[in-house]
Amino acid sequence: MADSSEVSIIRESTERDFGFHAIIAFVLLITTWLLLMPWFPGIARQTLQRFHLRTPSFAVWAVQFPVPSMYNFANQYKVEEFPPGFVMMVFDENWRYANHFPARVITFFAGRHDYLSTQTDRWFTLKSSYRGQTLESRFHLEAQTEGGYRLIRIDDVEDSL
Amino acid sequence: MNDADTVNAASIPLALNRPLAAYRIVQAAILVTLLWKWEFFLRANSLYAEIPIEDPFFPDWLESVWTVRLAFWGSVLATGIGLVTSYVPLRKTSSWFAIGSMSVLCIHQASYNDMTFITAWWCCLWSVWLAHRFDTKNRELLIRRAAFLSRLIISVILLGGAAGKWTPEYWSGEVLYDIYFIDRDFWLFNYLRDTYEPESLQDIAKWYSRQVVVVETISGIGLWALPARWAALAAVLLLTGIVVLSNKYLVSVMACLIGLACIGFLVPRRSRIAKHPRQQTSTTGNLTV
C-alpha cells in the first residue's frame with residue numbers, strides 16, 4: 001500500500017487544488033458505475049445500448065465516452081447480402097466476435113473497407129450479451145446513388161433487457 | 001553509504017524540474033499514441049471520404065470527414081506544441097485544444113470506437129490539470145499529486161476493461177478464442193496455432209482469457225494504492241505485457257498510458273529524508289541540508 005508520508009503530503013497539504021479533487025471525484029464516479037454494472041441491470045443496459053448506438057439520446061450516449069470499455073461484453077456480429085429471412089445467401093455465415101463497440105464493423109475503417117466497398121446494400125446484425133442480458137440489433141446499410149450509404153435501424157429487434 | 005551521502009545523491013536529480021519533465025513525457029507519449037497507426041489513419045482518411053455513412057443518430061458535423069481530419073490534426077499539433085513550448089500561456093492553451101480535439105474524436109462517427117482516443121483523452125485531462133499548475137512553489141507536492149492522478153487514471157481504465165469481462169463468455173475464453181486464436185496474425189497466436197491442435201487451443205484460450213480478467217481486476221482495484229515507484233513499475237510491465245501478448249495495434253492504445261505510468265518514477269524518495277528533521281525540502285523542490 002502507499003506509504004503514509006506520501007498519502008499525507010497529498011491529503012494534508014494546505015495548497016487547495018480544486019482540479020485535483022475534481023478529477024479524483026470524476027474517477028470515483030466512473031469507478032462506482034463500473035463496479036455496480038454487474039449487479040444493476042440498468043447500468044449494463046445503458047452500456048449495451050451505447051455499444052449498439054441505440055441510446056435514446058445522442059447527448060446521453062456522448063457523455064458516456066470517458067467510461068473505459070476495452071474488450072467489454074460478448075459482442076457478436078454477422079453481415080448479410082440480403083435482408084434477414086429473405087434468402088439465406090450469407091455474406092459471412094458465422095457469427096464473429098468483436099472486442100467492443102460491435103457497431104464498429106459498420107462505421108469504422110476496417111468494416112467500411114471489408115463490407116461497404118462494393119456499393120451494394122448490406123444487412124448487419126449485432127448481438128451483445130452481459131451476465132444474462134442480451135441486446136440484438138439489425139441495421140440496413142442502403143447504398144446511395146451519389147455514393148456512400150444510409151444507415152437504417154430495423155425495428156424488429158429482439159432483446160431480453 | 002552514510003546518511004549525508006544519501007541526501008547528496010538524492011539532491012542531484014531533484015534539481016530537475018520534475019513536473020515539467022513529467023508533462024513532456026506524457027505529451028511525447030500521446031504523440032506516439034496518435035502517430036503509431038499513421039499508415040492506418042492515412043488510408044482511413046481517404047476511405048471515410050469515399051464511403052460516407054448517413055446516420056440520423058449522429059449530428060451532421062460529427063459524421064463529416066473534415067471534422068475528424070481537423071480534430072486529429074488539431075490534437076497532434078496541440079500536443080506537439082505542448083511538448084516543446086516553454087511559454088506557459090501557450091502550454092495551457094494547447095492543452096485545452098488537445099483535450100477539445102480529443103473529445104471530438106471520442107464522439108465522432110468515424111473514430112468513437114477507437115480506444116486509442118479514449119486513453120489519449122484521459123492523458124489530455126491529466127495534461128490540462130498539470131499545465132495550469134507550473135507556477136506552484138511546491139514542486140514536490142505537485143509531482144506527487146501528478147503521479148497519484150496518473151495511477152488513479154490507469155487503474156480506472158484497467159477496471160473498465162475488467163468489469164466488462166466479468167461475464168461467462170470471457171471466463172470460458174470463448175470471446176478471445178474467436179478474436180485472437182482463430183486467425184489473428186500476431187507472433188504469439190501464429191506460434192500457438194502452429195504448435196497446438198484446435199482442442200488444445202481452446203483450453204489455452206480459456207486460461208489466457210482468465211489471466212486477463214484476473215490481472216485487469218487486481219490492477220484496476222489495487223494499482224492506485226501502491227507506492228508511486230512500485231505502481232509505475234507494475235503499470236509499465238503490465239501495459240507493455242498487454243501489447244506484447246495481444247497485438248501491435250495496442251501500442252497506440254497503451255503508449256500514452258505507459259508514458260503516464262512513468263510519472264511515478266519521477267517522485268522523489270522520502271523515507272531517508274523524513275528520518276532527519278533538520279533536512280528540509282525547499283520551495284523549489286531542491287533539498288537543503
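**Figure 1. Strand S3 of chain A and its cover in the predicted model.** In this predicted model, S3(A), residues 122-130, is mostly covered, with 8 of its 9 residues buried. S3(A) pairs with strand S4 (residues 133-143) of chain A in the antiparallel sense, and 9 bridges link the two. Within this pairing, A:Ser128 stands opposite A:Leu135 of S4(A). S3(A) and S4(A) form a hairpin with 2 residues between them. In the turn, A:Arg131 has a positive phi of about 50°.

**Figure 2. Strand S1 of chain A and its two partners.** Strand S1 (residues 74-80) of chain A is mostly covered, since 6 of its 7 residues are buried. S1(A) and S3(A) run antiparallel and are joined by 7 bridges. Along this pair, A:Ala74 has A:Ser129 as its bridge partner in S3(A), and A:Asn75 has A:Ser128. S1(A) is also joined to S2(A) by 3 bridges, and these strands run antiparallel. Here the bridge partner of A:Gln76 is A:Tyr97 in S2(A).

**Figure 3. Contact between chains A and B.** In this view, 52 residues of chain A are in contact with 51 residues of chain B. Several elements of chain A give two or more residues to the side that touches chain B, among them helix H1 (4-11), helix H2 (18-36), strand S2 (96-98) and strand S5 (149-154). The largest share of this side of chain A, 9 residues, comes from H2(A). By class, the side of chain A that touches chain B holds 32 nonpolar, 11 polar and 9 charged residues.

**Figure 4. Strand pairing across the two chains.** S5(A) pairs with strand S1 (residues 53-54) of chain B in the parallel sense, over 2 bridges. One of the residues involved is A:Tyr149, whose bridge partner in S1(B) is B:Ile53. Chain B itself contains 14 helices and 3 strands.

**Figure 5. The largest nonpolar core.** This core has 124 residues, of which B:Trp121, B:Ile153, B:Leu260 and B:Ala261 touch the most other members. Helix H7 (residues 139-163) of chain B gives the largest share of the core, 16 residues. Domain 1 (4-34) and domain 2 (71-154) of chain A both contribute residues to the core, so the core lies between them.

**Figure 6. Helix H13 of chain B and its surroundings.** Helix H13 (residues 250-261) of chain B has 12 residues, which at 1.5 Å a residue should span 16 Å; its end C-alpha atoms are 16 Å apart, in agreement. H13(B) is mostly covered, with 10 of its 12 residues buried. The buried residues include B:Met254, B:Cys256, B:Ile258 and B:Leu260. The buried residues of H13(B) pack against helix H2 (18-35), helix H6 (115-131), H7 and helix H12 (228-245) of chain B.

**Figure 7. Contacts of B:Leu260.** Not counting residues up to four places away in sequence, B:Leu260 touches B:Val26, B:Ala29, B:Cys123, B:Trp126, B:Ser150, B:Ile153 and B:Ile154. B:Leu260 is itself buried in H13(B). For chain B, buried residues make up 49% of its 289 residues. Of the contacts in chain B with a separation of 6 or more, 75% are between residues 24 or more positions apart.

Methods:
Residues numbered from 1 in each chain as written. Chains lettered and ligands numbered in written order. Predicted model: local features only at pLDDT ≥ 70, side-chain atom pairs only at ≥ 80, totals over all residues. Core = buried A, V, L, I, M, F, W, Y, C linked by C-beta atoms within 7 Å. Buried ≥ 20, exposed ≤ 12 C-beta atoms within 10 Å, placed from the backbone. Helix = DSSP H or I, 4+ residues; strand = E, 2+ residues; numbered from the N terminus. Domains from an automatic or database assignment. Contact = placed C-beta atoms within 7 Å. Expected span 1.5 Å × (residues − 1). Nonpolar A, V, L, I, M, F, W, Y, C, P; charged D, E, K, R; others polar. Pairing = 2+ DSSP bridges.
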